Amino acid sequence: MGALDHFSNLFDCSTSSNKLRKRKQLQTVEIKVKIDCEGCERRVKKAVEGMKGVTQVDIQRKANKLTVIGYVEPEKVVSRVQHRTGKKAELWPYVPYDEVAHPYAAGVYDRKAPAGYVRNSADPQVSQLARASSLEVRYTTAFSDENPASCSIM
């Protein structure tokens, strides 16, 4: 290998020494954090607004919900909120009431959830509760008001 080959390898533009970074996607990160007063709200908002990639911050104090929109990673946002504010923070564990098949099951119903929300559960035991057998369906539809041929007991 000659000197010319050595210099050509040093100044080769076909391969980059810097690895191409994967661009982060625009995400909406929802976090549950306890917000009691305006001071807490300001502290949480200030902690998140300083992050690189954050474009919008929205706080719903009554629901204890922080929404961050930007080119950020959810885990980093949660850890930043916990570190800067000293409050317990977790990704938003709730889904709207209508999206759950059986909202009053033991693993889904949460008294601390905001109005209209229940805890999101991927537990197969809970999803079994929502499935009714064909016999149960026949019994419930036999006495239904929507069924015109149903039995009426007075």
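**Notebook: contacts, salt bridges and surface patches**

I began with contacts (heavy atoms within 4.5 Å): among those in the chain between residues at least 6 apart in sequence, 52% join residues at least 24 apart. The model is predicted, so I note that local features need pLDDT of at least 70 and side-chain atom pairs count only at pLDDT 80 or more, while totals for chains, interfaces and linings use all residues. Residues are numbered from 1 along each chain as its sequence is written, and side-chain values use heavy atoms, with hydrogens and water left out.

**Entry: layout**

I listed 5 helices and 6 strands in the chain. Helices (H or I, at least four residues) and strands (E, at least two) are DSSP runs, numbered from the N terminus. Read from the N terminus, the order of elements is α-β-α-β-β-α-β-β-β-α-α.

**Entry: surface and burial**

I looked up the accessible surface of the chain, which is about 12100 Å², with 51% of it belonging to carbon and sulfur atoms. Accessible areas come from the Shrake-Rupley method with a 1.4 Å probe, and for residues only the protein chains shown count as cover. Of the 154 residues in the chain, 27% are buried. Buried means under 20% relative accessible area, exposed means over 50%, and partly exposed lies in between (1.4 Å probe, protein chains only).

**Entry: salt bridges**

I found 3 salt bridges in the structure. The term means a side-chain nitrogen of Lys or Arg within 4 Å of a carboxyl oxygen of Asp or Glu.

Glu30 and Lys65 pair through their side chains at 3.2 Å, N to O.

Glu90 and Lys32 form a salt bridge at 3.9 Å, N to O. Glu90 is in strand β4 (residues 89–91) and Lys32 in strand β1, so the pair joins parts that are 58 residues apart in sequence. I noted Glu90 as partly exposed, with a relative accessible area of 28%.

Arg61 forms a salt bridge with Glu41, and their closest N and O atoms are 3.2 Å apart. The pair links distant parts of the chain, with Arg61 in the loop between β2 and β3 and Glu41 in helix α2, 20 residues apart. Arg61 is partly exposed at 32% relative accessibility, and Glu41 is partly exposed at 23% relative accessible area.

**Entry: backbone at Asn64**

I checked Asn64, which has a positive phi of about 55° although it is not a glycine. Most residues other than glycine have a negative phi. Asn64 sits in the loop between β2 (54–60) and β3 (65–70) and counts as partly exposed at 23% relative accessibility.

**Entry: patches**

Patches are made of residues with over 30% relative accessible area and no salt bridge; like charges are joined within 9 Å, and nonpolar side chains (Val, Leu, Ile, Met, Phe, Trp, Tyr) within 5 Å.

Which residues form the positive surface patch? I have Lys34, Lys88, Arg111 and Lys112. Lys and Arg count as positive and Asp and Glu as negative, without His and the chain ends. The place of a charge is NZ of Lys, CZ of Arg, CG of Asp or CD of Glu. Lys34 is in the loop between β1 (27–33) and α2 (38–49) and is exposed at 53% relative accessibility.

Phe7, Leu10 and Phe11 make a nonpolar surface patch, together with about 370 Å² of accessible area. Leu10 belongs to helix α1 (residues 3–10) and is exposed at 54% relative accessibility.
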